[in-house]
Amino acid sequence: MLELSDAEIACGSMTDATLAEAARRVREAGYVALDRAVPTEFVAELRTAFDRELTKARDADPAALENSKGHYGVSPLLDAPFLNPLVIENPFAMQVMRATMGERIFSYLPYGCNTSWPGSGVQGLHRDTGHLFPELTTPLPMSLAVVNIPLVDFTEENGATEAWPGSHLIVDPPDVASISLEERVAHMPSVRLTAPVGSLIVRDLRCWHRGMPNRTQTIRTMTALVYFRALHHLPDDANVFRSIPAAVTAKLSEEAQAMYRHHRIEAS
Ligand SMILES: O=C(O)CCC(=O)C(=O)O
């Protein structure tokens, strides 16, 4: 856990030295946990809102919970408190991601959450994304990150995520295709991402991990917001992706319309 100082919390910004340490941990371990990055009173408000939505979703579709072995979340409403800047553009998370993925990172709404429900089992070991160029034998820097804000204290008892430090850099030669990740980690040390309320975790989406059993009676949830590195020209660059009259796009084949889908279309 990387501790933020009182001065950093007060001004909502890490010093260069703290930021360099956070970025180094992301690059080397595949994640960093920042302590006291979110005010605990706000986390309490967010937890109440999430628990309400989760319970509603579970009551509407109890089978979904069973089918997921108790690891099942919701995408929250596009409304307060879910859209609070402390969540969707948390200043400390943004600093870490801009330092590791560049200035023009982007994301989408609604974001999601990961919930380990009371009585849950062990989630299948997985990575949330593969490598950008899986054919290369050298891993590239992070281009996709997830920000998790724990809504309760994450402990071994309530199913703190298990993660394999450094696994984001493991590339897959063809001879491992038939070996499960479970078999591959048999000789590899893991950590449990135990984390108090108020902390947040920035994790490389390639990092191997799994949700763990919740042996308490309290829902264990964390927010899950995915951020992307901007590669090449972005669709939001109007000088490249100029608007095209609808009458023109109407003449394009379906395949061409898909190819040129990022242009704004002007009503003709
Ligand atoms: O709930 C957890 O602890 C981890 C779940 C997760 O990250 C996932 O499903 O991708």
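**Talking through the model**

Modeller: The domain assignment of the chain gives domain 1 (2-231) and domain 2 (233-268). This is a predicted model, so local features need pLDDT of at least 70 and side-chain atom pairs count only at pLDDT 80 or more, while totals for chains, interfaces and linings use all residues. Residues are numbered from 1 along each chain as its sequence is written.

Colleague: Where do the domain bounds come from, and how far apart are the C-alpha centres of domain 1 and domain 2?

Modeller: The bounds come from an automatic or database domain assignment. The C-alpha centres of the two lie 35 Å apart.

Colleague: Why is Gln257 called partly exposed?

Modeller: Count the other C-beta atoms within 10 Å of its own, placed from the backbone: 20 or more is buried, 12 or fewer is exposed, and in between is partly exposed. Gln257 has 14, so it is partly exposed. Gln257 is found in helix H9 (residues 254-259); helices are DSSP runs of H or I with at least four residues, strands are runs of E with at least two, and both are numbered from the N terminus.

Colleague: What is Gln257 in contact with, leaving aside neighbours within four places in sequence?

Modeller: Thr249 and Leu252. Contact means that the C-beta atoms, placed from the backbone, lie within 7 Å.

Colleague: What makes something a nonpolar core?

Modeller: It's a set of buried Ala, Val, Leu, Ile, Met, Phe, Trp, Tyr and Cys residues joined through C-beta atoms within 7 Å. The largest one here has 49 residues, and Val202 is one of those with the most contacts inside it. Helix H6 (91-101) is among the elements that each supply at least two residues, and the largest share, five residues, comes from H6. Val202 touches residues including Val96, Met97 and Val147, not counting those up to four places away in sequence.

Colleague: How do you know that S6 and S9 pair?

Modeller: Strands pair if DSSP finds at least two bridges between them. Two bridges join strand S6 (residues 162-163) to S9, and they run antiparallel. The bridge partner of Glu162 in S9 is Arg210. The open sheet has three strands in the order S7-S6-S9.

Colleague: What makes S7 and S9 edge strands?

Modeller: Strand S7 (191-192) and strand S9 (209-210) each pair on one side only.

Key. Two residues are in contact if their C-beta atoms, placed from the backbone, lie within 7 Å.
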